[in-house]
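Please look through the structure shown below before reading the report that follows.

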Amino acid sequence: MILDCERYAGPCECGREHPLETKMVVVDYGCLNDFDKYMDACGLTGKRTVLYDTNTYSLPGMVHVRADKELVLEAQGLHSEKNMIESIIPQLESPDVIITVGSGTLMDFARYPAHKLGIPFVAIPTLASSDGFTANICSVVIDGQKKSIPMEAPTLVLADLNIISGAPMFLNVSGVADILSKYISLTDWKIAALVSGEYYCERVAGMAQEALDLMVKCAEGMRRGEKPDFEGMTMAQMISGLTMQMLRNSRAASGAEHLIAHLVEMKPPRFENAHGIHGECVGVGTILCAEEYHRLAGLTPKAKPFAPLNPDWVREKFGALSDGIFKENENDVLAAFDAQNIVDHWDEIREIIATIPPAEEIARLYKDLGGKYRLSDIGIDESLKPEVLDISAAIRNRLTLARMRRVLDFGEER
Ligand SMILES: [Zn+2]
Ligand SMILES: [Zn+2]
C-alpha cells in the first residue's frame with residue numbers, strides 16, 4: 001500500500017505546521033519493479049548515485065535500480081561514524097539524488113551526505129527492524145559520542161516486501177520491540193507535558209499510538225504462529241518514523257527506554273561487553289522502564305530540591321565519556337520546572353502509567369517470539385540492574401519519568 005503522507009502533514013491544532021519532507025512511502029511486494037514510476041511521481045530526476053553495502057547488493061530478490069553510479073560499501077565494520085561517512089562523499093561523484101539500499105546505517109550514509117550536498121535522497125529499506133527509515137534524524141557517532149542530529153528525511157521510501165520478508169526473524173522481532181517502546185516514550189512525553197508544560201501534540205502522539213496498536217496486532221499474530229504480517233509491521237515503522245519528521249525530534253518515538261540502546265553503543269565502564277542491535281536493546285529498556293514505572297506508581301513521592309548530577313558520580317559511571325555527559329547536562333531539564341508539579345499530578349501520572357502493560361507481559365511476548373528480554377541477553381551484567389536507569393537517564397537531557405526520579409523522594413534509599 002501507499003502511505004498517504006498528506007493525511008498527516010499540514011496545520012495542526014497544536015499550533016504547528018508539521019511539514020513532511022517525505023512525499024511518498026510505498027510498502028508492497030515487488031514495488032522496486034516500478035521504481036522509475038515512483039521517482040517520476042516525486043519529481044526526482046537527474047544523476048543518480050545508488051548506495052549499497054556488500055550484503056544488500058547481493059540480497060535474494062534484490063532489484064538493482066537504474067544508476068548512473070553504484071557504490072558498494074564494505075559491510076564489515078560499517079557504522080554511522082562522522083569521519084567514516086564524510087570519507088565517502090567524494091566517491092558519490094556529485095549526484096542529483098542519492099538512493100540508499102539497506103539498514104539504518106546505510107540510511108545515515110545517504111542522509112548525511114545528502115544534507116551536506118543539499119540534494120534529496122531516497123530510502124530502500126531492506127529490513128524493518130527499526131523506525132528510522134522515514135525519520136529525518138541522523139544517529140551518528142561524533143568523537144565517540146552518539147548524537148541524534150535533525151537532517152533531511154527521504155523524499156521517497158520504497159519498502160519492497162519481497163526483500164523485507166526475507167530478513168532473518170530476529171530482525172523482525174527487533175522491529176516489534178522498537179515500536180512497542182512507544183508504551184514508554186508516549187508515557188514519558190505525556191508526563192513531561194503535564195508537569196513541565198513541554199510542547200505536546202495530540203496528532204503526532206496519535207500517530208505513535210497508531211503505529212503501536214498496529215505492531216501489537218502483528219506481534220500477537222506472529223506469536224500465534226501466523227504468517228508474519230510484513231506489510232503491517234513495515235507500515236508501523238514508517239508511521240512511527242514520520243512522527244520524528246513532524247516534530248523535528250524523536251520525542252514521540254524515544255523515551256527513557258531508548259537510552260539503553262545509547263548506553264550499549266557508548267559502552268561506559270562495566271558496560272564494555274554490551275551488545276545488540278537497536279530494537280533488541282530498546283526492547284530490554286522497555287521492560288526495565290515498565291517494571292520501574294509500575295513500581296513507582298504504587299508509591300507516593302515528595303518533591304526534592306533540584307541538584308545537578310554529582311560530578312564524582314558522573315566520573316565514576318562514565319569514565320572517559322564524562323566530559324560529554326557534563327556538557328549534555330549543562331542546562332538540566334529538571335531545573336526548568338517545579339518538582340512539586342510532579343507530586344501534584346501524581347494521580348494523573350498513575351493513570352498514564354496504567355496504559356503500559358506489566359513488564360512480565362512484555363517480557364513474555366519477546367521471549368515467545370525468540371527475542372531478547374533480559375539485560376544479560378544484551379551483554380549487561382544483571383547485577384547492574386539497580387543502576388542501569390540512573391546511568392542511562394544521564395545520557396540525554398530529555399525529561400522522562402526515569403530522570404524525574406532525581407527530584408522525587410519515594411521514602412526509600414537510592
Ligand atoms: Zn500538532
Ligand atoms: Zn528506535
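This is a predicted model: local features need pLDDT of at least 70, side-chain atom pairs count only at pLDDT 80 or more; totals for chains, interfaces and linings use all residues.

Residues are numbered from 1 along each chain as its sequence is written, chains are lettered from A and ligands numbered from 1 in the order in which they are written, and side-chain values use heavy atoms, with hydrogens and water left out.

Distant parts of the chain are linked here, since Cys 14 is in the loop between β1 and β2, whereas Cys 201, 187 residues apart from it, is in the loop between α7 (182–196) and α8 (202–223). Helices (H or I, at least four residues) and strands (E, at least two) are DSSP runs, numbered from the N terminus.

The table lists relative accessible areas, where buried means under 20%, exposed over 50%, and partly exposed in between (1.4 Å probe, protein chains only).

| Residue | Relative accessible area | Class |
|---|---|---|
| Cys 14 | 25% | partly exposed |
| Cys 201 | 1% | buried |
| His 258 | 5% | buried |

**The sheet and its helices**

An open sheet of 7 strands runs in the order β1-β2-β9-β6-β5-β3-β4 with mixed pairing, two strands being paired if DSSP finds at least two bridges between them. Its edge strands, each pairing on one side only, are β1 (2–3) and β4 (69–73). Strand β1 is joined by 2 bridges to β2 (residues 24–28), and the two run antiparallel; Ile 2 has Val 26 in β2 as its bridge partner. Helix α9 (residues 230–247) packs on the sheet and touches β1, β2, β6 and β9 (156–160), contact meaning heavy atoms within 4.5 Å.

**His 258**

His 258 is found in the loop between α9 and α10 (259–266). Its side chain is joined to that of Asp 178 by a polar contact of 3.1 Å, that is, a pair of N or O atoms within 3.5 Å, of which, within protein, one must be able to donate a hydrogen and the other to accept it, and residues adjacent in sequence count only if both atoms are side-chain atoms.

Technical notes. Axes are lines fitted to C-alpha atoms, for helices over the stretch in contact, and angles run from 0 to 180 degrees between N-to-C directions.
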